[in-house]
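Please open the model in your viewer and keep the selection panel at hand. The tour below moves from one selection to the next and says what is found at each stop.

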Number of protein chains: 2
Amino acid sequence: MKRIIYLFQILLFSTITALAQRPPSISSPDVHADNSVTFRYFSKSAQKVTLVGEFLANPVALKKDTSGIWSVTVPAIKPDIYPYSFFVDSVQIADPNNTYIFANERFKRSIVDIKGDKPLVHSLQNVPHGKINYCYYQSSSLGTTRQLLVYTPPGYDAFSGNKYPVLYLIHGGSDTEETWTKVGHANFIADNLIAAGKAKPMIIVMPYGNVRPAPMPDFTKDVINDIIPYIENNYSVLTDSKNRAVAGFSVGGGQTLNIGLTNTDKFAYICSYAPYTATEEFKKNFTDWNPDATKINKQLKLFTVSVGTEDFLYESVKQNIAMFQEKKIKLAPFIVSGGHTWMNCKLFLANTLPQLFK
Amino acid sequence: MKRIIYLFQILLFSTITALAQRPPSISSPDVHADNSVTFRYFSKSAQKVTLVGEFLANPVALKKDTSGIWSVTVPAIKPDIYPYSFFVDSVQIADPNNTYIFANERFKRSIVDIKGDKPLVHSLQNVPHGKINYCYYQSSSLGTTRQLLVYTPPGYDAFSGNKYPVLYLIHGGSDTEETWTKVGHANFIADNLIAAGKAKPMIIVMPYGNVRPAPMPDFTKDVINDIIPYIENNYSVLTDSKNRAVAGFSVGGGQTLNIGLTNTDKFAYICSYAPYTATEEFKKNFTDWNPDATKINKQLKLFTVSVGTEDFLYESVKQNIAMFQEKKIKLAPFIVSGGHTWMNCKLFLANTLPQLFK
């Protein structure tokens with residue numbers, strides 16, 4: 001059936017394709033019922049095509065058929081969402097036939113969603129859905145208009161007069177404000193946990209964290225002086241620290257520590273995922289830090305640091321956890337297997353949401 | 001200064017880069033004050049890198065420096081948003097260093113926004129901004145949950161009790177529900193025309209039109225039976241035909257004709273842009289069409305067909321215009337220069353919006 005659909009599609013677009021000199025339409029990736037996946041790429045001239053993906057320990061080679069379609073079928077993959085790309089000779093590319101791109105500034109990779117038999121916490125399920133708003137705010141700190149994404153929970157638009165708590169959720173370095181939804185499915189994770197009664201209905205704000213030239217201090221200013229006021233002026237939200245959380249991954253995990261721990265009067269929840277902390281700002285804030293731990297521990301309802309044991313930042317994260325604990329700051333580590341990946345990001349977020357705003 | 005910023009960035013991400021084996025960060029595209037643009041690509045192994053773009057009549061070659069950075073500067077380009085890509089040896093790719101991707105199912109191209117001195121109708125300007133909502137609706141026609149985008153105008157969220165007219169806006173074949181905003185800047189066009197008092201505040205619904213296996217009849221069902229009811233149940237909108245418009249480009253322009261002209265009781269505005277009509281559905285609906293022109297002309301407040309004289313569909317569109325006119329259907333052609341491009345799409349939409357809901 002799939003083949004017939006694609007033949008039909010090829011027929012329908014044949015005029016446009018011929019005139020625009022586009023390659024033929026190919027189905028890739030094809031996720032099969034047993035969770036094996038076929039990847040395909042069309043090239044008559046390539047000498048070698050290989051697949052790299054976060055579900056593979058090593059690259060695998062695709063084989064070419066007589067029509068110029070290269071393919072490989074990878075045996076059953078554990079259901080999750082994974083980034084992958086092709087190397088065509090020496091050129092790394094996203095899969096031209098896959099609409100779903102890893103939202104990022106510096107590389108172009110595709111993503112494959114292996115759904116499996118049982119619905120996962122990040123899967124689109126038959127539950128009420130929130131919306132993602134793409135908004136524009138004026139940043140006085142940065143002197144420009146910036147885009148941010150706002151998840152509103154199901155029922156938000158009913159304008160019942162309800163006010164919601166807010167999670168500020170920051171992407172990794174070189175990611176964009178879309179990565180938490182496009183790759184992290186933050187909206188579906190929230191939809192599913194809210195529907196199951198496991199998380200409170202909340203607003204999730206996903207700003208763009210790659211501020212240049214100084215990502216750390218300038219972004220903290222942008223969050224505190226511009227983003228929070230924009231959200232509080234434009235959304236029906238609760239504005240005390242007990243209803244405000246900050247979380248982030250990698251460079252965003254470092255930003256989370258800087259923003260959160262220097263503003264414990266504003267955030268009662270600080271959730272840092274695999275934080276990258278080799279920055280001037282982190283050094284400035286925490287090297288000679290002499291915190292009033294009793295006060296901070298009273299202000300914070302949750303301070304968690306999550307990391308995978310195969311994360312290339314694992315040792316650094318462990319050292320930071322120890323550093324905060326030495327200073328008597330209460331911290332709940334969440335250590336899992338896995339690397340510095342968005343598979344783990346989804347896990348971290350799904351672990352965090354039920355702990356917020358209780 | 002730009003160079004210093006990027007050196008800083010390289011430094012900041014050097015650990016991550018080294019461990020993830022990413023190529024160095026490069027600034028591309030660099031749009032200069034005189035509207036010339038420098039494109040860059042990094043490869044030590046490529047034999048040849050060329051640039052293709054809709055601002056170029058012919059591909060141009062990039063030149064490699066000793067560090068492996070290939071570059072070319074294209075002289076002043078007319079301000080607009082253009083798709084482009086690189087050919088690295090024989091592999092066509094999106095620019096790895098450019099975040100902005102042409103939202104499409106079948107090719108990966110980048111887009112470059114040449115803003116120029118004077119703000120264009122599609123540029124982000126300092127005016128009140130609407131929001132784009134990413135929503136999910138249940139399609140009974142297609143038996144699945146689907147994503148659509150909804151532009152709400154500035155002030156919509158104030159819940160003043162205002163009800164808004166609705167434009168249903170359809171992308172081209174192989175585009176996605178994001179193409180009208182990501183490439184067509186439909187939201188900024190609406191923001192700017194509303195701010196100037198040239199267009200009425202309206203809701204713009206951008207569904208996903210690539211329904212398989214039969215894009216035309218099944219998508220019409222989806223729009224009429226599922227999308228319109230979803231919008232009217234979930235947004236504060238006017239529901240009579242005088243407050244409902246349909247528009248679309250290419251395959252979506254053909255869908256617009258099918259949806260609109262078979263439902264003139266539901267849509268008083270039909271705006272077809274460079275329609276692709278070589279489909280069974282168009283043949284079925286219009287080959288032996290014997291319309292009650294007097295009635296239809298009373299129902300329709302605007303029926304417009306737009307096309308560029310260099311569009312590969314120009315002859316076909318002219319024939320269709322003549323066919324509708326022969327049948328005494330009132331039709332306002334909007335013929336401009338240019339091809340089957342999203343540069344023209346923006347022009348068509350900016351020409352349409354001021355004519356709607358007057």
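With which side chain does the side chain of D175(A) make a polar contact? In this predicted model, select D175(A) together with N104(A), and you will find their side chains joined by a polar contact of 3.0 Å. D175(A) sits in the loop between strand 12 (166–170) and helix 3 (179–182) of chain A, and because its relative accessible area is 3%, under the 20% cut-off, D175(A) counts as buried. Widening the selection to residues beyond four places away in sequence, you will see that D175(A) touches F102(A), A103(A), N104(A), E105(A), Y208(A), N210(A) and W342(A).

W342(A) forms an edge-to-face pair with W180(A), at 4.6 Å centre to centre and with 75° between the planes. This pair links distant parts of the chain, since W180(A) belongs to helix 3 and W342(A) to helix 10 (residues 342–352), 162 residues apart. W180(A) is buried at a relative accessible area of 1%, and W342(A) is buried as well, at 5%.

Next, select F39(A), Y41(A), F55(A), Y82(A), Y84(A) and F86(A), which ring pairs link into a cluster. Within this selection, Y84(A) and F86(A) pair edge-to-face, 6.0 Å centre to centre with 65° between the planes, and both residues are buried.

Finally, look at two arginines: R109(A) lies over the face of F107(A), 4.3 Å from the ring centre, while R109(B) lies over the face of F102(B), 5.1 Å from the ring centre.

Methods. Residues are numbered from 1 along each chain as its sequence is written. Chains are lettered from A and ligands numbered from 1 in the order in which they are written. This is a predicted model: local features need pLDDT of at least 70, side-chain atom pairs count only at pLDDT 80 or more; totals for chains, interfaces and linings use all residues. Side-chain values use heavy atoms; hydrogens and water are left out. Helices (H or I, at least four residues) and strands (E, at least two) are DSSP runs, numbered from the N terminus. Buried means under 20% relative accessible area, exposed over 50%, partly exposed in between (1.4 Å probe, protein chains only). A polar contact is a pair of N or O atoms within 3.5 Å; within protein, one must be able to donate a hydrogen and the other to accept it, and residues adjacent in sequence count only if both atoms are side-chain atoms. Contact means heavy atoms within 4.5 Å. Rings of Phe, Tyr and Trp (its six-membered ring) pair if their centres lie within 6.5 Å; planes under 30 degrees apart count as stacked, over 60 as edge-to-face and the rest as tilted. A charge sits over a ring if NZ of Lys or CZ of Arg is within 6 Å of the ring centre and within 35 degrees of the ring normal.
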